[in-house]
Amino acid sequence: MFSQVEEYLKSQQTAHLEQLKSFLRIPSVSADPERKADMQTAADFVAGKLKEAGLDTQIHPVDGHPIVTGEWRKAGKDAPTVLVYGHYDVQPPDPLDLWTTPPFEPDVRDGKIYARGATDDKGQMLTHVLAVDAWMKTVGKLPVNVIFVIEGEEEVGSNNLDLFLESKKEEYACDVAVVSDTSMYAADLPAITYGLRGILACEVKVTGPNRDLHSGVFGGAVTNPINALTQMLAKVQDDDGRVLIPGFYDDVIELTAEEREQFAALPFSEDDFKQDLGVDAVHGEPGYSTTERRWARPTFDLNGIYGGYQGAGPKTIVPSYAVAKMTCRLVPDQDAAKLSAALKSLLKSVCPPGIKMEFREYHGCTGHVFNTSGPHFQAASKAIDFAFGKEPVMIREGGSIPVVATFQEIFGVETLLLGWGLNSDNLHSPDEHFHVANFQRGTLASAKLWEELGR
């Protein structure tokens with residue numbers, strides 16, 4: 001039976017690539033208010049593909065960009081129900097001058113398709129839609145029940161997704177979730193991601209005088225907000241990268257000896273890593289390898305800092321204010337709300353006289369680690385081995401996918417994080433791309449996954 005599906009997918013490779021190109025031409029940048037119509041166009045495109053695949057499809061209006069769902073529940077009560085998540089929104093394409101070809105004019109060269117959203121997440125998400133379509137076009141049914149939830153606000157915090165899923169708690173009850181928004185470990189080395197870091201995102205603003213001041217007239221008489229902010233931030237992390245927020249490490253679950261051995265056995269060259277990034281040294285928390293720091297240790301990072309004059313040449317002022325945007329990557333069992341309060345308290349305690357401080361929380365989620373010995377992970381491993389010709393390695397990733405925590409909290413299920421892309425695919429950067437071979441192998445792996453889960 002599956003041979004029919006496999007042959008169909010081979011025969012449709014050119015057509016599927018053209019469908020992906022059509023999807024990538026839609027500039028669905030969720031952060032840009034001027035792209036609201038394009039966001040609706042992208043939602044309509046997804047709904048159309050789900051409907052073509054034989055799913056009952058709906059577009060759900062929310063306060064932001066719409067959520068698209070597709071359901072097929074005719075495999076029977078004894079068959080598992082799989083919830084598939086993805087997103088049709090993309091990052092802003094700037095800076096445009098660093099793209100070899102325009103970001104919304106997909107171009108295939110050297111076996112890769114270049115466009116914004118190629119791998120994050122349009123190309124990866126589409127593999128699952130096409131896999132369902134292949135089953136329905138050939139066999140006429142699926143081995144599992146499926147529910148697709150495709151949102152348009154992942155790149156801006158998924159503000160409406162949790163509310164939507166909570167409202168569907170009973171209706172969307174499922175056995176396992178599937179997300180393809182991660183990466184393979186390396187070229188031709190597929191992976192299943194069994195752990196993610198969580199995140200805490202926030203901002204601090206410090207204000208001094210009620211206007212920018214002449215530094216010759218007022219300098220030395222009032223506290224300079226930029227000076228104050230940098231002094232405050234220096235109290236959050238030591239020179240070795242260890243975070244000084246009170247209680248920051250109290251709840252951290254340490255890596256097991258087996259995990260450390262597993263990470264060390266993966267093919268990794270620190271010299272290649274440095275060369276790729278254009279740095280001459282790695283840096284981080286003492287006592288841990290680069291891989292361990294990236295995947296399984298908590299961090300504090302300044303993402304942006306601004307205030308005062310930003311133009312060409314000098315301007316001698318004492319600025320009125322300064323702002324820093326910050327994130328912490330969290331690991332199990334750190335609590336984002338608890339640490340946000342601790343960070344705010346620390347910054348307030350070191351805020352100098354003459355400065356008013358404002359602290360703003362954005363979003364946060366917990367980190368997760370799943371048990372890889374369960375039947376769902378074994379089914380996924382078999383499917384990937386079939387499609388890629390190589391058994392996947394089990395890895396953790398340093399990024400955050402908040403919906404994974406949502407699935408566990410609302411539905412009580414684990415998530416299969418099956419990445420078909422590569423970390424070198426320039427996610428969020430100019431010249432984002434997706435290897436066409438991985439697009440095709442990912443689609444085949446998805447189709448095989450339905451059969452393996454159905455067993």
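Residues are numbered from 1 along each chain as its sequence is written, and side-chain values use heavy atoms, with hydrogens and water left out. Because the model is predicted, local features need a pLDDT of at least 70 and side-chain atom pairs count only at pLDDT 80 or more, whereas totals for chains, interfaces and linings use all residues.

The protein chain contains 14 helices and 18 strands; these are DSSP runs numbered from the N terminus, with helices being H or I of at least four residues and strands being E of at least two. The C-alpha trace spans about 80 × 50 × 45 Å along its principal axes. The radius of gyration, taken over C-alpha atoms, is compared with a globule rule of 2.2 Å times the number of residues to the power 0.38. For 455 residues, a compact globule would have a value near 23 Å, and the 24 Å of the protein chain agrees with this.

Of the 455 residues, 55% are buried, where buried means under 20% relative accessible area, exposed over 50% and partly exposed in between (1.4 Å probe, protein chains only). The accessible surface comes to about 20100 Å², of which 48% belongs to carbon and sulfur atoms; areas come from the Shrake-Rupley method with a 1.4 Å probe, and for residues only the protein chains shown count as cover. Among contacts with a separation of 6 or more, 79% are accounted for by residues 24 or more positions apart, a contact being heavy atoms within 4.5 Å.

The protein chain has 42 positive and 65 negative side chains, and the centres of the two sets lie 3 Å apart. Lys and Arg count as positive and Asp and Glu as negative, while His and the chain ends are not counted. Each charge is placed at NZ of Lys, CZ of Arg, CG of Asp or CD of Glu.

Strand β8 (residues 191-196) is mostly covered, with six of its six residues buried. Pairing of two strands requires that DSSP finds at least two bridges between them. With strand β16 (residues 393-397), β8 pairs in the parallel sense over five bridges, and Ala-191 stands opposite Val-393. The pairing of β8 with strand β17 (residues 415-418) is antiparallel, over two bridges, and places Ile-192 opposite Leu-418. Strand β15 (residues 368-369) also pairs with β8 in the antiparallel sense over two bridges; here His-368 is the bridge partner of Leu-196.

Strand β9 (residues 198-207) is likewise mostly covered, nine of its ten residues being buried. An antiparallel pairing over ten bridges links β9 to strand β13 (residues 321-330), with Glu-203 opposite Lys-325. β9 also pairs with β14 in the antiparallel sense, over eight bridges, and Val-204 stands opposite Phe-359 in β14.

Gly-364 is found in strand β14 (residues 356-365) and counts as partly exposed because its relative accessibility is 45%. Not counting residues up to four places away in sequence, Gly-364 touches Ile-199, Leu-200 and Ala-336. Gly-364 and Ala-336 are 28 residues apart in sequence, and their C-alpha atoms are 5.6 Å apart in space.

Helix α4 (residues 118-138) is largely enclosed by the rest of the structure, because 19 of its 21 residues are buried. Just after α4, Gly-140 takes a positive phi of about 90°.
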